[in-house]
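Hi there,

Here is the structure I promised to pass on to you. Have a look at it first, and then read my notes below.

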Amino acid sequence: MIKNYFKVAFRNLWKNKGYSAINIFGLAAGLATCLLITLFITDELSYDRHVKNADRIFRINSDIRFGGGDLHMTQTSDMMGPLLKKDYPQVEEYTRLYTNDGDKLIKKGNEFINESHVTNADSTFFSVFKLPAIGGDTKTALNEPNTVVVTESTAKKYFNDVNVVGKYIEVRNGETITPYKITAVIKDIRKESHFNFDFIFSMKNVDYQWGQLTSHNFITYLLLKPGTDYRAFEKNFTQYTNKYVLPYVQQFIRISSMDELKKSGNKLEYSLMPLTRIHLYSDYSFEITPPGSIQYVYIFSAVALFILLLACINFMNLSTARSAKRAKEVGIRKVLGTERRTLITQFLVESTITAGISLIIGLAICYLVLPLFNDIAAKSLSLKDLLGIQILPFLLLLPFVVGVLAGSYPALFLSRFRPIAVLKGTMSTGFKKSNLRNGLVIFQFATSILLIIGTIVVYNQLRYIQTKKLGFNKDQVLIIDRAYALNNNIAAFKNEVLAMQGVSSGTISSFLPVTNSSRSDNTFSKEAVMNTENGVDMQTWTVDYDYIRTMGMEIVKGRNFSKDYGADSNAILITETTSRLLGYDDPVGKRIYAPGNNPGDPSIVFPIIGVIKDFHFESLRQKLGPLCMRLGSQPGLASFKIDAANSANLIPQIEKRWKSLAPGMPFSYRFMSDSFDEMYRSEQRAGTIAVVFSVLAILIACLGLFGLATYMAEQRTKEIGVRKVLGASVSNIVFMLSGDFARLVLIGAVIAFPVAWFAMNKWLQDFAYRINIGWWIFIAAALITMLIALCTVVFQAVKAAVANPVKSLRTE
């Protein structure tokens, strides 16, 4: 019997090649898309889950608001970890990372290589994160200063060997070269981790003013003891701030309690984030690596399900639409004694075989497009991941699930035919008779419209970001990284580059309004004695005389820094937002105060000499906060405004001057516009993926429409012939055949519009500065879907309309 099921199934598939091809390739495209998204989601959900005791490791996040300045950071003070372990027995261990020193220049041969995946860590780091070691003892590896732990690939890169424990690497910092002893080698940190270090240096080499309870510069992790409820433990942070932070703050700010701070609209709060939630749920600043988004996981999961359902709907619709062609087969088999359950099994076997063939083709498609998908999604997924233990059960079950899902309704529908009605030819199987089939087509159209609306909204938001007036000019600004490598030659380098043709201005500063640059916040007040009413926490950037001009910023009141005014070394520029928060209509000439360097020191006075037009120094996801600028030296980056026409010739000239002034130092550059785009890379990837999936969904829906239109035309051959004999024109018949689908598109649009509006409004909430979803987007999506649907249907409609009516009637 089973052999017969397969024989009949393959015979029917081969007999109806066109129908089978539409079904198989539609399902294959849907399955390939579903597999790719499943790979993406599985990878996103796997972050940090491989870490031993991952369920007991938590990072402390900080939420600070003072005087209108908001900070949501992954960092805490240097004292928080040690004090929590001392006071609370629930803390088994803590560890801290310090990444503020940025990249390190490490010597290889006669040259220095810039390494960005570096950190300083406590000696307890490997007690919290039990990373597998290849050599050395990780428990004691960072106990002493001038020690470092490297990964396996790093050891091979510098020494062509993994047995490097006891050897030294040399790190350059300014004019100083410091040797570090390799005390352990660990396996490469897995890519599914929220940090990706190649070098882990001892914390004892960090040059820092320890004991500052309100300076947040350390990433702190806690390993809680088994059975500890982290939500309950978070309540201890209030006690911690009252016991330690409040007395420290009171040395600088006039405040009686933390409640007073809250009542004035300010806050200093800490929270725990589980290690396994960091990658997908964090929206905090200063993440070690760019996080993902659980929102995109949900969106892509829904898209995968919708596209798979579209492919299954095609199968259902085509199977029921061609019911007339199989009705006599069902009638004869029933007359010969075949039971209904046998017919149901036969049809389910056919659908499962179709799903199985589609899966094989889908796997091939998935394998072929995987490199392209990796480029778009910034992943490194492979065929091994596709056939891994997590995906394999899903793959094995998929043909049966899809086969039953897609084949259940056709099987039940076809097997219920009454043999007498079928054999007498009195059973109606017209296109308009199936409300369920129409409902499924409406679902297809609604899904397509929903995806088109989503794609248009994402594209428009990204375009808005690109074209919005930012308050600075990001175009044609060349950034030279690690300018500190020039040491005392930095001023000479700047002057020599400025002398080149095509360079209009230049500045030396680590602070830029794009990613991969420094940030620093400090607290100021309108009066010498700070309290909760007059204090403002703001970004404080150190710049030079040429910064404003090079960045294309505008001074709206007062003046810029000038070498003609010697007192400018103590002066300050503020933004319009800062002026508003301070309550000044015209702040020029007024003063603001900063706490002294130590408790009891007098306040430091800064005269305001100018107001900068507001500029977006963070992502447009965040509201503009207060910012000020001071004169000083922060030689992390050198930025030059250049002429676009000369950029190809300028870069080699600049590199030549660099190598003459900093021999052996790596030369690296980027354009500010590229760094700006990097801030929205995840949205750009999501937009590209949305476009691809929208096109796929529409193509799959069109395959089903093409098949439906074909069978609809065949089914109404006699009607078309009669109408033509009675004088109907080709256009009348095309309009008649297309009208059914046009109505279904309109119904689908009515269903899709509110869902799309709700979903895209929720997505836009992540941006403080965003577009409004205009009505034209909905109309455009409906018209696009209508046009594609009609183009698909009209081809078959015209073919049926121009056929010879005599032949049609004779055939009937």
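The model is predicted, so to speak of local features pLDDT must be at least 70, and side-chain atom pairs count only at pLDDT 80 or more, while totals for chains, interfaces and linings use all residues. Residues are numbered from 1 along each chain as its sequence is written, and side-chain values use heavy atoms, without hydrogens and water.

Start with the open sheet, whose four strands come in the order E16-E25-E15-E26 with antiparallel pairing. Strands here are DSSP runs of E with at least two residues, helices are runs of H or I with at least four, and both are numbered from the N terminus. Two strands pair if DSSP finds at least two bridges between them. E16 (503–508) and E25 (637–642) share five bridges, and Ile-508 stands opposite Ala-638 in E25.

Which helix lies across E16 and E25? That is H17 (residues 490–498), running at about 165 degrees to E16. Angles run from 0 to 180 degrees between N-to-C directions, with axes fitted to C-alpha atoms, for helices over the stretch in contact (heavy atoms within 4.5 Å).

Now find Thr-575 in strand E21 (residues 572–575). Thr-575 counts as buried because its relative accessibility is 2% (buried is under 20%, exposed over 50%, partly exposed in between, with a 1.4 Å probe and protein chains only). Beyond its neighbours within four places in sequence, Thr-575 is in contact with residues including Val-611, Phe-615 and Leu-627.

Enjoy exploring!
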